Every structure is written in structure tokens, then in C-alpha cells.
Amino acid sequence: MNILITGGAGFIGSHVVRLFVDKYPQYHIINVDKLTYAGNLANLKDIENRSNYSFVKADICDIETIYALMEKEQVDGVIHLAAESHVDRSIKDPFTFARTNVMGTLSMLQAAKLYWEKLPEKFEGKRFYHISTDEVYGALELSHPEGIDSEMSAHKVYGDTFFTEDRKYQPHSPYSASKASSDHFVRAFHDTYGLPTIITNCSNNYGPYQFPEKLIPLFINNIRHRKPLPVYGKGENVRDWLYVVDHARAIDTIFHKGAISETYNIGGFNEWKNIDIIKVIIKTVDRLLGRPEGADLDLITYVTDRAGHDLRYAIDSRKLKNELGWEPSLQFEEGIELTVRWYLENEEWVENVTSGEYQRYYEDMYKDR
Ligand code: NAD
Ligand code: DAU
């Protein structure tokens, strides 16, 4: 198989590319990425010279280039991850999100349709797998502010309802609205043209190579340098955290075994209130840096809440578990330890990606925090 992966130089994409290149020497993996501020080829240094891997710098909105690439590489499958992914940026600049996430996805769909339709076998044996987010479903209620025990989370649960695959779409941020729109286009291409599509909606990922504007890597880096930790609102929003390698494993399972036209939710069975996870991160960084555990708790700084901040996300991924046998392999305690260690040991990576363009954007966005 020749598989085109978009956004492979980003956080999740780089883990997916690595897993496929390592596990499937018989496949050709073509990584297409525009290398925006979030894309970094340093994320793939360990596999860049493999014979079953190639990289192409291209914009997913450039349909002619994508079509020509699909034809040249005789692409059988697409795993589409390229997107603008940070909610705070979408609040400042929604148009970039509409362009990449909506028009970019539409261009990818149209290029795949036009190329595959021309082949004698047409859509037979082909698949277009679109990676989406749980944020399209909106927010859940927080009916247990202190959390209660439940089989739905290895930690606690904070409400009685969960996102299932048939839940109504109710996006609130420009980011989630753009992802919801892209999901609708993917379904429309299946229902209208018969394009063999699959969609997955995943919860919050964490792990190595995540750009340090997202909560976990931003806070690890700030604690290391004893900089304030900007906690939005009261820190009581809840997220469901999944180690990124487990997301990549789920993508592998679904790409190979998932049923065409289906949607699968992917989650960590691992709900945490922001302020609780922040305290775990502080204690872990302190311990690993040889500081007294909790010494940096005073860095916590409550700041103005994110506009339209969704209160709680919690994924019900029992369909994926029951139908395809996937479940997270790592406990959160192991995952967070690995993650903190990785960031502390890879300060050069953090410095490289947080310099230059990112730094200017960062200062502009966070100057009042
Ligand atoms: P990321 O921001 O780390 O990476 C995005 C990648 O896409 C970058 O390499 C960037 O260069 C590339 N890209 C952006 N615009 C492009 C364009 N126009 N053409 C080509 N490449 C372009 O994102 P991520 O966190 O790895 O997320 C990947 C995907 O997974 C996204 O679709 C996101 O919506 C989805 N997702 C993310 C999470 C999460 O917690 N991070 C959870 C669920 C779903
Ligand atoms: O749920 C999946 C989504 O998870 C993905 O689709 C997105 O691409 C990804 O960015 C992530 O979105 P969130 O907005 O949940 O992630 P973020 O790391 O930005 O924030 C996590 C929580 O922490 C959220 O409630 C906001 C809060 N937060 C975040 C930052 C960056 C803070 O309190 N302070 C901060 O500085």
C-alpha cells in the first residue's frame, strides 16, 4: 500500500508516521506537511532515512499538487491529520482555521475522489481516514464537581453523560466549528459519491513532540523556568487525556480494521480536572528536577477564562473497544512520567520550536496574561 499521511510533521502525525514506517516496511509512507509553526521535521529525525518513507512539503489546500502527488505515488489510502489545532489561536484568527481545516479537507477529499475514480478498480480497496476531535460535540455538564468513581475513568468522572458516536454536533470555538465542518464534508463525500471514508473523534492527547502552547508541555516548560502557570478561569474544566502513542495505535487499528462510513470515538477513559492535572505536573517536574515536591505550586496564576471555554469533555470509546479490540495501553501515571521526562531531557527541541516565529506570536497572544 502507498499511504499518504497529512500533517505528519506535527505532534500526533509524527507518532503515526513513525508507527507506520516501523511496523509496515512493505508500505510506502508519504508524509505531506506544509511545515507551519506547528510542523517540525526534527520530530521525525529517527526515521527520515528509511527506504519506505518520503516527505513532501505541500499545502493541503493546493489541490493540483495533492492530485499530482496521489497520481505519481499511486496512493491507496489517506490518513488526514493536517490542521490548525490550537483553540486559543482560532479565537484570534478564525479564517486560517476555516481555510486549512475546511477548505484543506475539501481539497483532500476532491483530489482523492478524482484520482481514485479514474482507476479501473475505482474506490475498491481504497480508504480516506479523517482524524477529528471530540470538541465537535460541544461541552458536557459537570454534575460531580469533586468527581466520583466509575468504570468510565481510571481516575474519576465528573458527570453522568459521555460523548457517544451518535451525539449531536454542537461546536463552540472557531477551531471546533471548522473541524465539525470538515467532518460534515467527509460524510457528504461518502453519502454523495461513495468515497470510502472513516472518521474518528479523539480526546486530548499528551506526550512527546507536542508543541509547547498546549497545556501540558507549556506548563512543564514554565515550571522548569519558574515562570507563571496561566490557569484559565478556576481551573475546573475537565478533559479526557490519552497518551499520543495509544492514539497512533488506535489509528493503525481503525485504518486496517474499521468499517467504511463508520465513526469511532477514541478516548483515554481518563478524566481530569485541569487544576488537579496541573498539580500532578508540578509535583512530577519538581521531583525529577530534584526540587522539593510541590515547591512550584506557587507558580499557579489564575487568569481570565478562555472565551467560550468548554466545561467538560469525556469520551465513551466502548464501541472501539468492543468492535475492534482497542484500548489504551498506558496508565496515566506512566504516561505523564514519560512525558515530563521527555520534555526535561529534550530542552533543545523545546528551545528550537519556541524561538522565532512562535516566540513573536506567543508574546503577542499572551502579553496580557
Ligand atoms: P499539530 O498542530 O501539532 O500539527 C498539525 C500539522 O499539520 C503540522 O505539522 C502542520 O505543519 C500541518 N499543517 C497545518 N496546516 C497545513 C496545511 N495547510 N497543509 C499541510 N499541512 C498543514 O496538531 P496535532 O495536535 O498533531 O493534531 C493533528 C490532528 O489531530 C488535527 O486534525 C487535530 O484536529 C486532531 N486532534 C488533535 C488532538 C490533540 O489533542 N492534539 C485531539 C484530537 C484530534
Ligand atoms: O479534545 C481534543 C482537543 O484537545 C484537540 O482537538 C485540540 O487540537 C487540542 O488542542 C486540545 O484542545 P484543548 O483546548 O482542550 O487543549 P489545551 O491544551 O489548549 O487546553 C487544555 C485545557 O487547559 C483547557 O481546558 C484550557 C486549559 N488551559 C490551556 C492553556 C494552554 C489553561 O488553563 N491554561 C493554558 O495556558
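With which handedness does α4 pass α5 in their crossing? I started there, and the crossing turned out to be right-handed; the rule calls a crossing right-handed if the near helix is turned clockwise from the far one by less than a right angle, and left-handed if anticlockwise.

**Ground rules.** I noted that this is a predicted model, where local features need pLDDT of at least 70, side-chain atom pairs count only at pLDDT 80 or more, and totals for chains, interfaces and linings use all residues. Residues are numbered from 1 along each chain as its sequence is written, chains are lettered from A and ligands numbered from 1 in the order in which they are written, and side-chain values use heavy atoms, with hydrogens and water left out.

**α4 against α5.** Helices here are DSSP runs (H or I, at least four residues), numbered from the N terminus. I looked up the axes of α4 (residues 94-118) and α5 (residues 174-193), which come within 8 Å and cross at roughly 15 degrees. That makes the two helices roughly parallel (angles under 35 degrees). For the record, axes are lines fitted to C-alpha atoms, for helices over the stretch in contact, and angles run from 0 to 180 degrees between N-to-C directions. Next I listed the contact (heavy atoms within 4.5 Å): on the α4 side I found, among others, P94, F97, L109 and K113, and on the α5 side residues including Y175, F185, F189 and Y193. By class the α4-α5 contact has 12 nonpolar, 6 polar and 2 charged residues. The classes put Ala, Val, Leu, Ile, Met, Phe, Trp, Tyr, Cys and Pro as nonpolar, Asp, Glu, Lys and Arg as charged, and the others, Gly among them, as polar.

**K113 again.** K113 also turned up in a salt bridge with E117, at 3.4 Å from N to O. The rule wants a side-chain nitrogen of Lys or Arg within 4 Å of a carboxyl oxygen of Asp or Glu. Both residues sit in α4, 4 residues apart, about one turn of the helix. The cut-offs are under 20% for buried, over 50% for exposed and in between for partly exposed (1.4 Å probe, protein chains only).

D296 pairs with R291, closest N and O atoms 2.7 Å apart, and both are buried. R287 and E293 meet at 3.7 Å, N to O; R287 is partly exposed at 39% and E293 is exposed at 53%. I followed that pair into a network of salt bridges that links R287, E293, E337 and R341.

**α6 against α10.** Here the axes of α6 (residues 215-224) and α10 (residues 332-345) come within 10 Å and cross at roughly 55 degrees. The pair is therefore oblique; oblique is what remains once under 35 (roughly parallel), over 145 (roughly antiparallel) and 65 to 115 degrees (roughly perpendicular) are taken out. This crossing is right-handed. I216, P217, I220 and R224 of α6 meet I336, T339, V340, Y343 and L344 of α10, a contact that divides into 7 nonpolar, 1 polar and 1 charged.

**I220.** I ended on this α6 residue. I220 counts as buried at 1% relative accessibility. Leaving aside neighbours within four places in sequence, I220 contacts I281, V285, T339, V340, Y343 and L344.
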